[in-house]
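Q: Hi, could you walk me through the aromatic rings in this one?

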Amino acid sequence: MNDPFHPARPAGAYEDFLPGALAAPPHPRWTPADGPLPALYLSHGAPPLLDDGPWIRELFDWARSMPRPGAVLIVSAHWEDAPLALSATAAHTPLVYDFGGFHPRYHRLRYDTPDVSRLADRVAAMMPADEPVHRHPSRGLDHGAWIPLMAMYPEADVPVLQMSLPSGDPHRLMELGRRLAPLREEGVLIIGSGFMTHGLPFLTRDMVLRGAVPGWSADFDAWALDALDRGDVEELAAWRDRAPGMPYAHPTADHFLPIFLTLGAAPGRADTARTVIDGYMLGFARRSFRVG
């Protein structure tokens, strides 16, 4: 049986995908006539995403179903920092390889995006005067950002700014999303990048080698889908106490919290959430959706 942590060709599925993706017809750029871009929550995977050809294609097709954004603003489960911090804005800033135990090939991957200073200036200006914004001079995109974006925008020609998760309070994150919501009307794609279930300490051999889905993962995913279908943001915000499958589905909050930035960035539109990608990877729910 294949071990997804030790593939015969590390990132081989991505290498197979890339030539066709780069040869695809031009992707029309966003214009004001398109209206606001949606806000996304995506389950981002780790290096094994780049060995999953169908998942890579799902992300690519999702991106192509929307106008090409002028820029991406992304929050990842892998950068929790307060006060609010922004990644380096210079073109070709080196990536953050914030994972271990994988083949060295993944540490040589590049995603050289353009300068994103204009968006960083805009985001900083949207924050209250009493909430400082740290402009990081050297921190690049972490794997919660660059791995899914390599599939969505393989040309690496869309400016990408990463923002830290400054709070573990769902309501504060939704308020931050509401503050950033006007960017959607300016052609900026706002993304919360996490994983719908992420019980890494409870990973089993059957999950790794056979894709077994534990009850705690399936039950949490079904609960989240029901709440999204009803637009019940308060139910989602109380996941620690109300969701089945806890604490196994999320022994830490980091991979669920980005959902609240996404929901806040589409104020009043939670009941429009539409799943685009579902299914499981290593038994973890990959549910990814758009709002607005």
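Predicted model: local features only at pLDDT ≥ 70, side-chain atom pairs only at ≥ 80, totals over all residues.

Q: How many aromatic pairs does the count come to?
A: The count is 19 aromatic pairs. Rings of Phe, Tyr and Trp (its six-membered ring) pair if their centres lie within 6.5 Å; planes under 30 degrees apart are stacked, over 60 edge-to-face, and the rest tilted.

Q: What about Tyr97 and Trp146?
A: Their ring centres are 5.7 Å apart and the planes are at 70°, so this pair is edge-to-face.

Q: Is Trp146 buried or exposed?
A: Trp146 is buried, at 0% relative accessible area, while Tyr97 is partly exposed at 23%. Buried means under 20% relative accessible area, exposed over 50%, and partly exposed in between (1.4 Å probe, protein chains only).

Q: Which cluster do ring pairs make?
A: Ring pairs link Phe5, Tyr97, Phe99, Phe102, Tyr106 and Trp146.

Q: New topic: which ring does Arg139 lie over?
A: Arg139 lies over the face of Trp79, 4.0 Å from the ring centre. The charged end of Arg286 sits over the ring of Trp55, at 5.0 Å from its centre. The rule asks for NZ of Lys or CZ of Arg within 6 Å of the ring centre and within 35 degrees of the ring normal.

Technical notes. Residues numbered from 1 in each chain as written. Heavy atoms only, no water.
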